[in-house]
Amino acid sequence: MPSNKPRTIIEKVWDSHMVAEKEGAPAVLFIDLHLVHEVTSPQAFSGLRARGVKVRRPDLTFATVDHSTPTTPRHLPIIDQIAATQVAQLETNATEFGIPYFGFQNVNQGIVHVIGPEQGLTQPGMTVVCGDSHTATHGAFGALAFGIGTSEVEMVLATQCLLQRPSKTFEVKVEGSLKPGVSAKDIILALCAKIGIGGGTGCVFEFTGSAIRALSMEERMTVCNMAIEAGARAGLIAPDEKTYEYVKGRKFAPQGEAWDKALAYWKTLPTDEGATYDYTTTIDADTLEPMITFGTNPGMGMAITASVPNPADSADPLERESLRKALVYMNLEAGQAIAGQKIDVVFIGSCTNSRLTDLRAAASVLKGRKVSPSVRVMVVPGSQEIKRQAEAEGLDKIFRDAGAEWREAGCSMCIAMNGDQLSPGQYSVSTSNRNFEGRQGKGGRTFLASPLTAAASAVMGVVTDVRSL
Amino acid sequence: MRIHSTVAVLPNDNIDTDQIIPARFLKTISKDGLGDQLFCDWRYEADGSPKADFVLNTPAAKASQVLLAGDNFGCGSSREHAPWALTQYGFQAVLSTSYADIFKQNSLKNRLLPIVMPKDIHASLFVALAENPALQVTVDLPTQTLSWPGGPSMSFPIDAFAKDCLLEGVDEIGYVLKQDAAITAFEAQRPISLNTLA
Ligand code: SF4
């Protein structure tokens, strides 16, 4: 239990959720919120049935469908029978085990990491898990949020606990102020490029510094979302007034006396003065430029003004070979610029960048402009609630007038499980989080970037620095 | 757990779980049938026929229980379908210098050993296999050693608890279920109620 030693927020949340700690065994950690989706849960529910075990805390569990669901109008049936079966299976499981569930037709359905915060399910100081690696998104609220596998989903369903070894603490300090055209997405892409896709392995990031404090909650979610792309187990940001203001009044947020108690507790969470981290790195917000990836993992990124690195400059043979293969896959030359590269598709969406402020950013560029006739532009809101809000502001009209598609909520082309996908060889600028080979469709080639860069590129038909428009 | 086997070689760093098993195969509600889809997009032509030059299509690889790969194996998505596909193909161990955290956890829960090698020994195994593709390695879990003829004998780290579970067949979920009293006590004294879904 807590001593007087100064602690980071990571250690505080960890300590306060310790159920049991046995010599030699991992800690048994209590989980406050378990989010469940259709893709990584069916085998876990089958496991429960085989054991004859119930869900221990259905009241701390919440399910929705997002990954394999179509983003076509909701009155249409799910045509892909395998996906339809998977969606139906989650409904069956949620009903059988008594878990609250936002189904395909629910007016609040959305990407699991978007609706958690939106509904007030995600709160500071919580432990959150989901069978999904982007669970770190919830860290924006000062929650310790881990992505887990299906065996662990089964464990948490059965016991509301996770077996876990403590992680190393890693401070990512972002000082200064972002210049126009540069956004939260560029901060996290810069971190991935700086420390590499495995740079945070075994660690939990705490993002600190004036540039982080200046971000809105939605922007903080963008930053924490991609902690996994730098290899970290989780990433979080200490709560502050912005956090409390965002949570207050949401559907599942504490009310009345419970709110006061929760708030008093949340204020004890930020890292103590004098606490130390196992690792630290810094990013200078003042000199940051819009970022873009050129390769086949999120660590292969650079400023949009830079040119593609030369594999021959890499000393490590496997690294050289990986970079060479990435450039072959992307059909790019060492030394060339990415700006000006012709593209076929722009995808604005995903749990990284599908919230209202992301859509507003994209709309600010597309307003009064047309997307290039050679480019297909998909705008996919993260939730049905965001869709309604955007429509109330007239953003849908801006997108449609510009020639972009305005679709229903879901993961969509971020993971290309639902029919929204690239064709072999196509290039896309995407606001999502992964540019792995085939991630957005077999043979598809992805440039990861911010909503501003994506929208500017949509207009020009080539990768475009938004500052040049 | 002792494995004595030839080695299939995939000389790439940062092999992500989208390569190991592409997302379009995740629409299944069971664990079965994933072995044929392992590395699907590297393994098959557009018409579905196997690419003859891809390592997993060679008879030698099909008989291998060990996969040697570059740094940071298993990064990306948390899909446990990745170790399911690897074990269904026939692998029992992966050799790399490092693993993504979630993949490592998922592997240990599926009797797939994620063996961490020091960089120099890892590099030397690539060289040894280039010289003799039929080389057999021995992985011994009780002693945590990896060796091959003419190579160094090295010990590898593995979480002590995970090792016990593997060797003694302990079911981790059963282990936590047995701690019901401690969990109930914890629930009863939560400092503040976060039970907001009720
Ligand atoms: S939007 Fe993409 S990254 Fe986010 S949960 Fe869906 S598939 Fe995963």
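Two residues are in contact when heavy atoms lie within 4.5 Å.

## About the model

This is a predicted model, where local features need pLDDT of at least 70, side-chain atom pairs count only at pLDDT 80 or more, and totals for chains, interfaces and linings use all residues. Residues are numbered from 1 along each chain as its sequence is written, chains are lettered from A and ligands numbered from 1 in the order in which they are written, and side-chain values use heavy atoms, with hydrogens and water left out.

You will find Pro311(A) in the loop between β14 (301-303) and α11 (317-330) of chain A; helices (H or I, at least four residues) and strands (E, at least two) are DSSP runs, numbered from the N terminus.

Pro311(A) has a relative accessible area of 10%, so it counts as buried; buried means under 20% relative accessible area, exposed over 50%, and partly exposed in between (1.4 Å probe, protein chains only). Gly147(A) is 164 residues from Pro311(A) in sequence, and their C-alpha atoms are 32 Å apart in space.

Chain A is assigned domain 1 (9-165 + 241-252), domain 2 (168-239 + 271-284) and domain 3 (291-468), with bounds from an automatic or database domain assignment. Between the C-alpha centres of domain 2 and domain 3 of chain A there are 22 Å. Their contact takes 17 residues from domain 2 of chain A and 25 residues from domain 3 of chain A.

## Chain B and Leu38(B)

Chain B holds nine helices and seven strands, and its C-alpha atoms fill a box of roughly 60 × 45 × 25 Å along the principal axes. Of its 198 residues, 58% count as buried.

Leu38(B) belongs to the loop between α1 (17-20) and α2 (40-43) of chain B. Its relative accessibility is 0%, so Leu38(B) counts as buried. Not counting residues up to four places away in sequence, Leu38(B) touches Ile20(B), Arg43(B), Leu56(B), Ala85(B), Leu86(B), Tyr89(B) and Phe91(B). Leu86(B) is 48 residues from Leu38(B) along the chain, yet their C-alpha atoms are separated by 6.6 Å.
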